[in-house]
Amino acid sequence: MKHIRIVAAKIRPEIFQLITTGQKRFEVRNEDFEEATVIQYLSTDESHETLGFYKINRASEIETADRELLSLIASVPESIIRDLSLGGLRHTYVANIGNRIDNIQDYLTEKGTR
């Protein structure tokens with residue numbers, strides 16, 4: 001049986017739209033993706049509705065100090081990077097966002113995880 005780790009991440013709907021159009025291809029977070037293979041995006045509004053599931057192609061760690069670089073990688077304005085509460089963190093975690101998973105149940109069944 002293959003194991004799949006799903007990490008949940010809250011995201012602003014307007015930023016999620018950049019993912020759906022392919023303009024945003026990297027996820028930048030202040031917590032490790034912990035070998036996750038799928039990311040579940042949840043709306044930041046009070047509903048916390050699932051916006052979508054995406055494969056994670058690759059995750060890595062970079063230095064936090066370069067906010068301009070993080071902004072470029074994440075395809076979001078630097079003001080959003082400042083809002084991430086990176087504080088005194090020395091490293092930030094970056095994941096390459098892969099293909100959308102249209103039906104998570106089918107995906108899990110296909111991968112033999114049920």
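Hi everyone, let me start with a definition: rings of Phe, Tyr and Trp (its six-membered ring) pair if their centres lie within 6.5 Å, and planes under 30 degrees apart count as stacked, over 60 as edge-to-face and the rest as tilted. What we have here is a predicted model, where local features need pLDDT of at least 70, side-chain atom pairs count only at pLDDT 80 or more, and totals for chains, interfaces and linings use all residues. Residues are numbered from 1 along each chain as its sequence is written, and side-chain values use heavy atoms, leaving out hydrogens and water.

So, how many aromatic pairs does a search of the whole structure find? It finds three. Take F16 and Y54: their ring centres are 6.1 Å apart and their planes are at 75°, so this pair is edge-to-face. It links distant parts of the chain, with F16 in helix 1 (residues 13–20) and Y54 in strand 4 (residues 50–63), 38 residues apart. Helices (H or I, at least four residues) and strands (E, at least two) are DSSP runs, numbered from the N terminus.

Next come Y41 and Y54, also an edge-to-face pair, at 6.0 Å centre to centre and 70° between the planes. Here Y41 sits in strand 3 (residues 38–43), 13 residues from Y54 in strand 4. Together, ring pairs join F16, Y41 and Y54 into a cluster.

Are these residues buried or exposed? Buried means under 20% relative accessible area, exposed over 50%, partly exposed in between (1.4 Å probe, protein chains only). F16 is buried, Y41 is buried at 0%, and Y54 is buried at 5%.

For contrast, E31, in the loop between strand 2 (26–29) and strand 3, is exposed at 59%.
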